Amino acid sequence: MTAAAVGLSHSPLIGKNDPAPEVVAAVDSAVDTARAFVRAFDPDLVVLYAPDHYNGFFYKEMPPFCLATEATAVGDFGSSAGPLSVDTEAARALARGVLDRGIDLSVSARMTVDHGFVQPLEVLFGGIDQVPVVPVFVNGVATPLGPVSRIRALGTALGEAAAELDRRVLFLGSGGLSHDPPVPVLDGAPPRVADALIEGLPPTPEQRARGEQRVIQAGRDYAAGSTTMIPLNPAWDNHVLDTFEQGRLADVDGWSVEWMGAEGGGSAHEVRTWVAAFASLAATGPYRMTSRFYAPVPEWVAGFAVATAEPSTAEQPFPEGESGR
(Lines give C-alpha, C1' and ligand atoms only; values in the text may rest on other atoms or scores of the structure.)
Protein backbone atom coordinates (compact mmCIF):
# COMPACT_ATOMS: atom_id res chain seq x y z
CA MET A 1 0.00 0.00 0.00
CA THR A 2 1.25 3.49 -0.91
CA ALA A 3 -0.30 6.58 0.67
CA ALA A 4 -0.44 10.35 0.30
CA ALA A 5 -2.62 13.13 1.68
CA VAL A 6 -4.16 16.39 0.57
CA GLY A 7 -5.96 19.01 2.65
CA LEU A 8 -8.16 21.40 0.69
CA SER A 9 -10.53 24.13 1.84
CA HIS A 10 -13.86 24.45 0.11
CA SER A 11 -16.41 27.25 -0.22
CA PRO A 12 -19.76 27.43 -2.00
CA LEU A 13 -18.93 31.06 -2.80
CA ILE A 14 -16.07 30.27 -5.20
CA GLY A 15 -17.04 31.73 -8.55
CA LYS A 16 -19.98 33.56 -7.00
CA ASN A 17 -18.29 36.13 -4.76
CA ASP A 18 -14.62 36.12 -5.69
CA PRO A 19 -11.79 38.21 -4.18
CA ALA A 20 -9.30 40.32 -6.13
CA PRO A 21 -7.86 38.64 -9.27
CA GLU A 22 -4.41 38.28 -7.70
CA VAL A 23 -5.89 36.31 -4.79
CA VAL A 24 -7.82 34.05 -7.15
CA ALA A 25 -4.62 33.54 -9.16
CA ALA A 26 -2.67 32.59 -6.03
CA VAL A 27 -5.33 30.09 -5.01
CA ASP A 28 -5.45 28.67 -8.53
CA SER A 29 -1.68 28.21 -8.49
CA ALA A 30 -1.82 26.35 -5.18
CA VAL A 31 -4.62 24.15 -6.46
CA ASP A 32 -2.63 23.46 -9.63
CA THR A 33 0.25 22.28 -7.43
CA ALA A 34 -2.07 19.95 -5.54
CA ARG A 35 -3.60 18.72 -8.79
CA ALA A 36 -0.14 17.92 -10.18
CA PHE A 37 0.74 16.15 -6.93
CA VAL A 38 -2.38 13.99 -7.17
CA ARG A 39 -1.82 13.30 -10.85
CA ALA A 40 1.75 12.15 -10.16
CA PHE A 41 0.65 9.98 -7.23
CA ASP A 42 -2.11 8.47 -9.38
CA PRO A 43 -4.32 7.09 -6.60
CA ASP A 44 -6.56 4.12 -7.30
CA LEU A 45 -8.61 4.86 -4.15
CA VAL A 46 -9.49 8.13 -2.41
CA VAL A 47 -10.63 8.18 1.21
CA LEU A 48 -12.50 11.48 1.37
CA TYR A 49 -13.19 13.06 4.75
CA ALA A 50 -15.73 15.88 4.47
CA PRO A 51 -18.46 17.61 6.47
CA ASP A 52 -22.12 18.15 5.71
CA HIS A 53 -24.15 21.36 5.87
CA TYR A 54 -27.57 19.91 6.75
CA ASN A 55 -28.06 18.35 3.34
CA GLY A 56 -27.46 14.72 4.26
CA PHE A 57 -27.19 14.48 8.05
CA PHE A 58 -29.74 15.84 10.49
CA TYR A 59 -30.46 15.89 14.21
CA LYS A 60 -32.86 12.96 13.93
CA GLU A 61 -29.64 10.93 13.81
CA MET A 62 -26.35 12.84 13.95
CA PRO A 63 -23.27 10.59 14.19
CA PRO A 64 -19.86 12.13 14.87
CA PHE A 65 -18.62 10.35 11.75
CA CYS A 66 -19.98 7.90 9.21
CA LEU A 67 -18.55 5.88 6.29
CA ALA A 68 -20.53 5.39 3.09
CA THR A 69 -20.79 2.27 0.97
CA GLU A 70 -22.86 4.28 -1.54
CA ALA A 71 -23.30 8.06 -1.85
CA THR A 72 -25.21 10.57 -3.95
CA ALA A 73 -24.58 14.32 -4.22
CA VAL A 74 -27.49 16.77 -3.96
CA GLY A 75 -26.00 19.40 -6.29
CA ASP A 76 -26.16 22.41 -3.97
CA PHE A 77 -24.64 25.75 -5.03
CA GLY A 78 -24.30 24.54 -8.60
CA SER A 79 -22.07 21.59 -7.70
CA SER A 80 -22.42 18.25 -9.46
CA ALA A 81 -25.39 16.07 -8.59
CA GLY A 82 -25.65 12.30 -8.81
CA PRO A 83 -23.83 9.20 -7.57
CA LEU A 84 -20.20 9.21 -6.49
CA SER A 85 -17.98 6.38 -7.72
CA VAL A 86 -17.91 4.66 -4.35
CA ASP A 87 -15.75 1.55 -4.13
CA THR A 88 -18.23 -0.46 -2.08
CA GLU A 89 -15.94 -3.44 -1.53
CA ALA A 90 -13.13 -1.22 -0.25
CA ALA A 91 -15.58 0.77 1.88
CA ARG A 92 -16.85 -2.39 3.57
CA ALA A 93 -13.31 -3.64 4.17
CA LEU A 94 -12.27 -0.33 5.69
CA ALA A 95 -15.39 -0.22 7.87
CA ARG A 96 -14.61 -3.68 9.22
CA GLY A 97 -11.00 -2.68 9.82
CA VAL A 98 -11.99 0.46 11.73
CA LEU A 99 -14.54 -1.39 13.86
CA ASP A 100 -12.01 -4.14 14.58
CA ARG A 101 -9.74 -1.43 15.97
CA GLY A 102 -12.30 -0.34 18.53
CA ILE A 103 -13.74 2.77 16.83
CA ASP A 104 -17.54 3.00 16.88
CA LEU A 105 -18.01 3.82 13.21
CA SER A 106 -21.45 4.36 11.68
CA VAL A 107 -22.01 3.07 8.15
CA SER A 108 -24.43 4.43 5.55
CA ALA A 109 -25.56 2.33 2.60
CA ARG A 110 -27.13 5.41 0.96
CA MET A 111 -25.36 8.59 2.07
CA THR A 112 -26.40 11.99 0.78
CA VAL A 113 -23.52 14.45 0.38
CA ASP A 114 -23.17 18.08 -0.64
CA HIS A 115 -20.54 20.51 -1.90
CA GLY A 116 -18.17 19.62 0.95
CA PHE A 117 -17.59 16.24 -0.71
CA VAL A 118 -18.13 17.31 -4.29
CA GLN A 119 -15.82 20.33 -4.56
CA PRO A 120 -12.54 18.49 -3.88
CA LEU A 121 -13.47 15.75 -6.35
CA GLU A 122 -14.33 18.32 -9.00
CA VAL A 123 -11.24 20.43 -8.33
CA LEU A 124 -8.67 17.63 -8.16
CA PHE A 125 -10.16 14.99 -10.47
CA GLY A 126 -12.55 16.85 -12.75
CA GLY A 127 -15.75 15.22 -11.48
CA ILE A 128 -17.46 13.05 -8.90
CA ASP A 129 -17.15 9.87 -10.96
CA GLN A 130 -13.50 9.97 -12.02
CA VAL A 131 -11.86 7.98 -9.22
CA PRO A 132 -12.92 5.22 -6.80
CA VAL A 133 -13.76 6.85 -3.48
CA VAL A 134 -14.72 5.97 0.07
CA PRO A 135 -16.67 8.94 1.51
CA VAL A 136 -16.39 9.53 5.26
CA PHE A 137 -18.65 12.16 6.82
CA VAL A 138 -17.08 14.05 9.74
CA ASN A 139 -19.47 16.27 11.69
CA GLY A 140 -18.11 19.80 11.90
CA VAL A 141 -21.31 21.79 12.42
CA ALA A 142 -23.97 20.11 14.55
CA THR A 143 -23.50 20.48 18.30
CA PRO A 144 -22.74 18.85 20.62
CA LEU A 145 -19.39 18.01 19.06
CA GLY A 146 -17.20 15.25 20.40
CA PRO A 147 -13.53 15.51 21.35
CA VAL A 148 -11.03 16.00 18.54
CA SER A 149 -9.05 13.06 19.91
CA ARG A 150 -11.77 10.75 18.59
CA ILE A 151 -11.35 12.14 15.10
CA ARG A 152 -7.61 11.46 15.29
CA ALA A 153 -8.40 7.94 16.49
CA LEU A 154 -10.77 7.48 13.54
CA GLY A 155 -8.12 8.64 11.08
CA THR A 156 -5.49 6.43 12.67
CA ALA A 157 -7.70 3.34 12.57
CA LEU A 158 -8.76 3.96 9.00
CA GLY A 159 -5.15 4.53 7.93
CA GLU A 160 -4.12 1.26 9.54
CA ALA A 161 -7.00 -0.53 7.86
CA ALA A 162 -6.10 1.00 4.50
CA ALA A 163 -2.52 -0.19 4.93
CA GLU A 164 -3.85 -3.73 4.62
CA LEU A 165 -5.12 -2.99 1.10
CA ASP A 166 -2.88 -3.39 -1.92
CA ARG A 167 -3.83 0.07 -3.19
CA ARG A 168 -2.50 3.57 -3.84
CA VAL A 169 -4.61 5.48 -1.34
CA LEU A 170 -5.03 9.25 -1.18
CA PHE A 171 -6.41 10.57 2.09
CA LEU A 172 -8.26 13.79 1.31
CA GLY A 173 -9.54 16.26 3.93
CA SER A 174 -12.10 18.83 2.76
CA GLY A 175 -12.92 21.96 4.73
CA GLY A 176 -11.81 24.77 7.00
CA LEU A 177 -9.95 26.60 8.11
CA SER A 178 -11.28 29.50 10.20
CA HIS A 179 -14.73 30.53 9.08
CA ASP A 180 -18.07 31.40 10.58
CA PRO A 181 -20.71 31.18 7.84
CA PRO A 182 -24.43 31.62 8.53
CA VAL A 183 -25.15 27.95 9.25
CA PRO A 184 -28.42 27.45 11.17
CA VAL A 185 -28.25 26.12 14.73
CA LEU A 186 -30.86 24.03 16.51
CA ASP A 187 -30.77 25.84 19.85
CA GLY A 188 -33.32 28.65 19.74
CA ALA A 189 -34.36 27.92 16.15
CA PRO A 190 -37.99 28.70 15.22
CA PRO A 191 -40.20 25.60 14.86
CA ARG A 192 -40.04 25.47 11.06
CA VAL A 193 -36.23 25.66 11.04
CA ALA A 194 -35.94 23.21 13.94
CA ASP A 195 -38.14 20.69 12.11
CA ALA A 196 -35.96 20.97 9.01
CA LEU A 197 -32.76 20.50 11.05
CA ILE A 198 -34.18 17.49 12.87
CA GLU A 199 -36.21 15.71 10.22
CA GLY A 200 -34.20 16.69 7.14
CA LEU A 201 -37.22 18.09 5.34
CA PRO A 202 -36.11 18.61 1.73
CA PRO A 203 -36.30 22.24 0.62
CA THR A 204 -38.22 23.19 -2.47
CA PRO A 205 -36.08 24.50 -5.34
CA GLU A 206 -37.27 27.99 -4.43
CA GLN A 207 -36.32 27.54 -0.76
CA ARG A 208 -32.90 26.18 -1.71
CA ALA A 209 -32.32 29.12 -4.07
CA ARG A 210 -33.28 31.62 -1.37
CA GLY A 211 -31.03 29.92 1.17
CA GLU A 212 -28.08 29.91 -1.22
CA GLN A 213 -28.64 33.57 -2.02
CA ARG A 214 -28.56 34.37 1.71
CA VAL A 215 -25.15 32.69 1.94
CA ILE A 216 -23.87 34.66 -1.07
CA GLN A 217 -25.10 37.92 0.46
CA ALA A 218 -23.51 36.98 3.78
CA GLY A 219 -20.18 36.57 1.96
CA ARG A 220 -20.54 40.03 0.46
CA ASP A 221 -21.40 41.53 3.84
CA TYR A 222 -18.49 39.68 5.45
CA ALA A 223 -16.00 41.03 2.91
CA ALA A 224 -17.40 44.53 3.43
CA GLY A 225 -17.01 44.25 7.20
CA SER A 226 -20.73 44.72 7.88
CA THR A 227 -21.39 41.51 9.75
CA THR A 228 -21.41 39.98 13.21
CA MET A 229 -19.70 36.79 12.04
CA ILE A 230 -16.39 35.96 13.73
CA PRO A 231 -13.46 37.33 11.68
CA LEU A 232 -11.00 35.04 9.92
CA ASN A 233 -8.00 34.23 12.09
CA PRO A 234 -4.77 33.77 10.07
CA ALA A 235 -2.72 33.24 13.25
CA TRP A 236 -4.91 30.33 14.31
CA ASP A 237 -5.07 28.95 10.78
CA ASN A 238 -1.28 28.88 10.51
CA HIS A 239 -1.03 27.30 13.97
CA VAL A 240 -3.27 24.52 12.67
CA LEU A 241 -1.17 24.13 9.52
CA ASP A 242 2.05 24.14 11.57
CA THR A 243 0.63 21.29 13.65
CA PHE A 244 0.06 19.20 10.55
CA GLU A 245 3.32 20.16 8.86
CA GLN A 246 5.38 19.33 11.95
CA GLY A 247 3.57 16.04 12.51
CA ARG A 248 2.45 17.03 16.02
CA LEU A 249 -0.90 15.30 15.61
CA ALA A 250 -1.16 14.30 19.26
CA ASP A 251 -1.48 18.02 20.03
CA VAL A 252 -5.00 18.02 18.62
CA ASP A 253 -6.15 15.90 21.56
CA GLY A 254 -5.88 19.07 23.64
CA TRP A 255 -7.95 21.21 21.28
CA SER A 256 -11.25 21.86 23.00
CA VAL A 257 -14.50 22.43 21.16
CA GLU A 258 -14.84 25.83 22.82
CA TRP A 259 -11.30 26.93 21.92
CA MET A 260 -11.70 25.97 18.28
CA GLY A 261 -14.99 27.84 17.98
CA ALA A 262 -13.67 30.95 19.72
CA GLU A 263 -10.50 31.07 17.64
CA GLY A 264 -11.80 29.95 14.27
CA GLY A 265 -15.58 30.45 14.23
CA GLY A 266 -18.51 28.10 14.30
CA SER A 267 -17.44 26.08 11.25
CA ALA A 268 -13.75 25.88 12.12
CA HIS A 269 -14.57 22.34 13.20
CA GLU A 270 -14.33 21.36 9.54
CA VAL A 271 -10.61 21.20 10.37
CA ARG A 272 -11.51 17.81 11.84
CA THR A 273 -11.45 16.47 8.26
CA TRP A 274 -7.79 17.49 7.99
CA VAL A 275 -7.08 15.86 11.36
CA ALA A 276 -8.53 12.60 10.09
CA ALA A 277 -6.69 12.74 6.75
CA PHE A 278 -3.27 13.48 8.25
CA ALA A 279 -3.79 10.94 11.03
CA SER A 280 -4.56 8.34 8.36
CA LEU A 281 -1.34 9.17 6.52
CA ALA A 282 0.66 9.18 9.76
CA ALA A 283 -0.70 5.71 10.58
CA THR A 284 1.16 4.37 7.53
CA GLY A 285 4.49 5.91 8.62
CA PRO A 286 6.27 9.28 8.98
CA TYR A 287 5.32 11.91 6.43
CA ARG A 288 6.46 15.28 5.14
CA MET A 289 4.37 18.15 3.80
CA THR A 290 5.47 18.88 0.23
CA SER A 291 3.39 22.01 -0.40
CA ARG A 292 1.49 24.46 1.75
CA PHE A 293 -0.61 27.46 0.81
CA TYR A 294 -2.74 29.77 2.92
CA ALA A 295 -4.70 32.96 2.30
CA PRO A 296 -7.51 34.57 4.29
CA VAL A 297 -10.36 35.09 1.82
CA PRO A 298 -13.28 36.92 3.45
CA GLU A 299 -15.23 36.90 0.17
CA TRP A 300 -15.37 33.11 0.52
CA VAL A 301 -15.84 33.33 4.32
CA ALA A 302 -12.80 31.08 4.72
CA GLY A 303 -9.22 30.91 5.75
CA PHE A 304 -8.36 29.09 2.55
CA ALA A 305 -5.62 26.45 2.62
CA VAL A 306 -4.17 23.78 0.36
CA ALA A 307 -1.55 21.28 1.49
CA THR A 308 -0.04 18.06 0.16
CA ALA A 309 1.94 15.39 2.00
CA GLU A 310 3.76 12.16 1.22
CA PRO A 311 5.67 9.54 3.22
CA SER A 312 8.96 11.00 4.40
CA THR A 313 10.70 7.84 3.19
CA ALA A 314 9.61 8.52 -0.39
CA GLU A 315 12.39 9.49 -2.79
CA GLN A 316 10.61 12.56 -4.16
CA PRO A 317 8.14 10.65 -6.35
CA PHE A 318 5.72 13.56 -6.34
CA PRO A 319 6.35 17.19 -7.34
CA GLU A 320 7.56 19.66 -4.75
CA GLY A 321 5.37 22.73 -4.33
CA GLU A 322 6.08 26.17 -3.01
CA SER A 323 5.16 26.81 0.60
CA GLY A 324 2.98 29.87 1.04
CA ARG A 325 1.99 31.49 4.29
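The model is predicted: local features need pLDDT of at least 70, side-chain atom pairs count only at pLDDT 80 or more, and totals for chains, interfaces and linings use all residues. Residues are numbered from 1 along each chain as its sequence is written, and side-chain values use heavy atoms, with hydrogens and water left out.

**Tyr54**
- Tyr54 lies in the loop between strand 2 (45-50) and strand 3 (65-68); strands (E, at least two residues) and helices (H or I, at least four) are DSSP runs numbered from the N terminus.
- Tyr54 counts as buried because its relative accessibility is 11%, where buried means under 20% relative accessible area with a 1.4 Å probe, protein chains only.
- Beyond its neighbours within four places in sequence, Tyr54 is in contact (heavy atoms within 4.5 Å) with Tyr59, Met62, Val141, Ala142, Val183, Pro184 and Leu197.
- The C-alpha atoms of Tyr54 and Asp114 are 8.8 Å apart, although 60 residues separate the two in sequence.

**Largest pocket**
- A pocket is an open set of points on a 1 Å grid over the protein atoms alone, where a 1.4 Å probe fits, with protein on both sides within 12 Å along at least five of seven lines; lining residues have an atom within 4 Å of a point.
- The lining comprises 38 residues, and those nearest the centre are His53, Tyr54, Pro184, Gly211 and Arg214.
- Helix 6 (205-224) and helix 5 (191-199) each supply at least two lining residues, and helix 6 gives the largest share, 7 residues.

How values were computed: Buried < 20%, exposed > 50% of the residue type's maximum accessible area, 1.4 Å probe, protein only.
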